[in-house]
Protein chains: 4
Amino acid sequence: MLNFENDYNNGVHPNILENLIKTNDIQSLTYGFDKWSESAKLKIKQICNKEDLDIFFLCGGTQTNATVIDGILQSYEGVIACEDGHINVHEAGAIEAFGHKVITLPSRNGKMNIDDLKNYVQVFENDESKDHVAQPGMVYLTFPTEFGTIYSKKEIEEIYSTCKQYNLPLFIDGARLGYGLMSDECDFDLTWLCRNCDCFYIGGTKIGALCGEAVVFTHNNAPKKFFSIIKRHGALMAKSRLIGIQFDTLFTDNLYFKISKHAIIMAHQLKEILIQAGFSFYIQSPTNQQFIIIPKKKIKELKQKIIFTHWIPYDRNSFVCRFVTSWATRQNEIDELRKILLS
Amino acid sequence: MLNFENDYNNGVHPNILENLIKTNDIQSLTYGFDKWSESAKLKIKQICNKEDLDIFFLCGGTQTNATVIDGILQSYEGVIACEDGHINVHEAGAIEAFGHKVITLPSRNGKMNIDDLKNYVQVFENDESKDHVAQPGMVYLTFPTEFGTIYSKKEIEEIYSTCKQYNLPLFIDGARLGYGLMSDECDFDLTWLCRNCDCFYIGGTKIGALCGEAVVFTHNNAPKKFFSIIKRHGALMAKSRLIGIQFDTLFTDNLYFKISKHAIIMAHQLKEILIQAGFSFYIQSPTNQQFIIIPKKKIKELKQKIIFTHWIPYDRNSFVCRFVTSWATRQNEIDELRKILLS
Amino acid sequence: MLNFENDYNNGVHPNILENLIKTNDIQSLTYGFDKWSESAKLKIKQICNKEDLDIFFLCGGTQTNATVIDGILQSYEGVIACEDGHINVHEAGAIEAFGHKVITLPSRNGKMNIDDLKNYVQVFENDESKDHVAQPGMVYLTFPTEFGTIYSKKEIEEIYSTCKQYNLPLFIDGARLGYGLMSDECDFDLTWLCRNCDCFYIGGTKIGALCGEAVVFTHNNAPKKFFSIIKRHGALMAKSRLIGIQFDTLFTDNLYFKISKHAIIMAHQLKEILIQAGFSFYIQSPTNQQFIIIPKKKIKELKQKIIFTHWIPYDRNSFVCRFVTSWATRQNEIDELRKILLS
Amino acid sequence: MLNFENDYNNGVHPNILENLIKTNDIQSLTYGFDKWSESAKLKIKQICNKEDLDIFFLCGGTQTNATVIDGILQSYEGVIACEDGHINVHEAGAIEAFGHKVITLPSRNGKMNIDDLKNYVQVFENDESKDHVAQPGMVYLTFPTEFGTIYSKKEIEEIYSTCKQYNLPLFIDGARLGYGLMSDECDFDLTWLCRNCDCFYIGGTKIGALCGEAVVFTHNNAPKKFFSIIKRHGALMAKSRLIGIQFDTLFTDNLYFKISKHAIIMAHQLKEILIQAGFSFYIQSPTNQQFIIIPKKKIKELKQKIIFTHWIPYDRNSFVCRFVTSWATRQNEIDELRKILLS
């Protein structure tokens, strides 16, 4: 069975596995104070070329979003997000579980539009009854988005500028950050990102790790008592070495970027095959997720040989389906897909 | 200054005041066990022609919505509402404060559309990843809506039928229930309503009382331990006599309906005046709230003589403004408005 | 039936009733902006002889505690209270409902002891794992306490001094504040209190009002966006005039203190009768609540003529029972009790 | 530096590491549907000799407690625990974060006493104002306790019997379950435990795994929608294989019990050394945690050579200190400790 279901069906990158083996007999401190976590933080600071980062390692994406957002917001504040942002659609109400409203803006190709954001904050500021409304407290973006699209430098600059004007911290969910940064269309890097938002996370689970996300507050702006907040969210890992070692490896010799780039190269080939096979694309994605429209009958047929996700209904007869490459996708899997679809 | 701002600028209906005076020296039980609360419950059951109602008196609207919704839902469930439903826009995140997502559907003239609801539940049911999503747990309607519009018998029947099919209790926010029921366009009454939803509340604050809303669970379906839930929400009134006496009076000699009808008659005259004055209506409302579009400059001028609300921006140059009549609106106030607008 | 059950079995003080009647036809602003609320705030500032008070009117005690405590605390913080403090035992988990732990200290005669408090904060500060623990964020006292006892000037000074040293705002629950201040044993007044805590509330429900508590932040230290926090708690009253008029009356001509004093005088007589009748006192209370130990059999007998509460079990055969006087207790009720118990 | 700080300073058991290596190239399903999770569940059912277990794998202890307790309780319910139970003292308010009160009973040698529990539920049931109180919804025990002590068969039977009488599900926190079961003093096994509580978890993090706890609902009584509840808590692991493989290994060839037993053997030797060195024991612990009283000066001296925790203050001059053995403790570490303390 050929698998293009997602980017977390595989084990862990061999380099990480090797380091887990090497370090296994060493005793270490816990709760984030182990030496590998320290080393990983240093390496992230170096690649970001910024000393004043506050870095924390958490386990998974939903947990990270819920903890960071709850940490940044006051109790009575909500988070502004696209209507199809991950926190609004695929986290089972984890943000609301901690008392915060997700305030939604329209999605334009999966992205938040600067005009929608400006309009929202201006209407809010001028609303006579604004004190009766959930207060906006921050802005949440995904990069890449749920539909694989990415923001340009200019788009993030505009959003961040509005955020600063209205005292709304900007947080970027980077569950697939590497795949976004390595996209041919991306016009910035980590160094730039660190200077154009207040917080982001570097996704590990979907890019080579077994688990783990690295939260980066970009200017020593971690919420007060963030360690206790992590603990209160049930997100503090006792054996933090597990995530420390993984990020220490991912940020050695640019591994994170190399394996992200690999997924992009595989995605280019995937896209080419899907085009040749005559599929319509639901959206133009420059990253490792590709969304095509497939009639229900065809889905059934393809699913006998290929694992992929039918994402959302497109119309009465067809679905938007998702094919994903990853750091682990092998050339022979692509070749096999080509055979199935094009012969 | 002429006041059409809202339906709670006035004191209390004289009959209620009289009963507050009459009963003031009587000692009573507390927390809902006073004899007037008991009497009021009986009268509501009589008018509904239904014995198996569970009735509770709470203090205000947001509190009632938050308590009822949190009482009905399991922790992991959300409430389906129109995007402009009161709980989504004007309750400062009170629903989310108790951990529940407000799942929004489009608003059609302020109302939920049966096709939107059906589509939502069907897509949800067929979603492969539905367990990763905030679970729908109930449906919330307002009657009348935020824009003064009302549902027909048929519309509620269709919605309730879908609710039952998917095990989603239907809760109707009746902060202005009387004004809806007394509208010329309304084709049902309390007796019918009791049989076509699982819970509703009869608004007192906006219809003659100083405070108080009567929550009605329509078939002995009050959530388990609802008394404790009310207390936990800080919504249990010690001197419950205050609300008991008010509802006992409102449901004596059909007072609630008579004074609601009065507001509707006043609204007809108001509407006529607004039409003659040449204003465009934002929406056709058959109840006591009327929404017209007024250029900004004109708003400024009118506000020197009349209190009303500018509700939402309409376009760059004008606002949707709201004029409201109530149980307390006097004929001379309408006449005065006529003079100002038409002479 | 003679009623010594509690201090909220009666209606409203006649002066308040009169003002409700007088003002009933006047239209007013809402949500706390009515003129009576404004006037009541001024009068409270005058009696406190302090300009920089932030004052808010809420409806009931549990609601007030939950709103104030949630407003003061950060999400990850808890409130330090006596184990028998109202928030820990009689509020159905309303503090926890908003995510905050009640951190309990022993009760000494219903009161928090300075040594227990100091010991707690010192142990906490020196705890290696203190970041894994619910963070203390404020201190909560009741005055008078659940058992009618009161703190002295010196006791509050010591507690407040420790609070300031550890950055823990001090909040005093004054549901029965007047009865405490008017006790013969009380050695301070409102003016002093304003300078020796960060927030307190003046209870109305139990002292002459139908509902309403006045929250006082003592040095313009209301939590940011406290209005929205009140709304989010479902605690914002639309017709705020109801509470405004009541507090405006209570703080006219020292009514609040006069009627509180009356309850204390009645309590002295009550106490004398209970002593003469040979009952043992569970605790020495200088305020309007008296706690005596009564054998179960005797309770049954007395309850045929008198309403009172059996509070907590004392031993296998007897209960601690509570008798309460109030602003509304009449001399003839006391005389009647004397007859029953002493003849 | 000799390390007796805790039981999670080491890496992972070699057998697990081997299986992580072996399986690394295999693609798998996610979110708990991978084949190793399935296999681990089967093995746990076999060893428990019970088919009707609902088993879920979560990441860490606090997360597991918060998720299970929130899953079992209704919103308005609290959990009964010892005052020194982990959820009350070392989880940073994670239970309260989801709205639930921790209702505390005294700790007797770290354990809940059946008489305290019975007394609590009886007083609650007979409390006139019980509806105003946080409702008890379940009972939480730790096995072994925070102080390393264990319950006997009889003690658990008595508690469970009372639980069933009052409809309070019994949940046992087994973060160190293996160490308890392998203690010489333990008079039951997993098979028995499954029949004497409603839910427990088998701790992995502290017994050989890198992370992971196995939650067992003992009679197909998992809360409705528990999968969504896990997700809402941010506790759903995408690459569930990580935990699946670990538990599959731990429950192969009784590995879990063998390595737990090893820690107990090491603890016996540790205890012997501590006795010979003349230390006083704070409590008699039959498991892998030993608590001794050490003067402050001595602590300073010992900490130059040994890592251990000073747990709680004992008196002005000394601390209760904790020494811990684990699955990974080596004989030479014990020998080294002997040299330091006894020569």
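## Contact between chains D and C

In this predicted model, 23 residues of chain D are in contact (heavy atoms within 4.5 Å) with 23 residues of chain C. Chains are lettered from A in the order in which they are written, and residues are numbered from 1 along each chain as its sequence is written. Local features need pLDDT of at least 70, side-chain atom pairs count only at pLDDT 80 or more, totals for chains, interfaces and linings use all residues, and side-chain values use heavy atoms, with hydrogens and water left out.

The two chains bury about 1,700 Å² between them, 48% of it from carbon and sulfur atoms; buried area is the accessible area (1.4 Å probe) that two parts lose on being put together, summed over both. On the side of chain D, Glu96(D), Lys101(D) and Glu128(D) lose the most area to chain C, together 31% of what that side buries.

## Salt bridges

Four salt bridges are counted between chain D and chain C, each a side-chain nitrogen of Lys or Arg within 4 Å of a carboxyl oxygen of Asp or Glu. Glu96(D) forms a salt bridge with Lys101(C), with 2.5 Å between the closest N and O atoms.

## A sheet in chain C

Chain C has an open sheet of seven strands in the order 2-8-7-6-5-3-4, with mixed pairing. Strands are DSSP runs (E, at least two residues), numbered from the N terminus, and two of them pair if DSSP finds at least two bridges between them. Strand 2 (54-58) and strand 4 (102-105) of chain C are the edge strands, each pairing on one side only.

Strand 7 (residues 199-203) and strand 8 (residues 213-217) of chain C run antiparallel and are joined by five bridges. Phe200(C) stands opposite Val216(C) in strand 8 of chain C.

How values were computed. Helix = DSSP H or I, 4+ residues; strand = E, 2+ residues; numbered from the N terminus.
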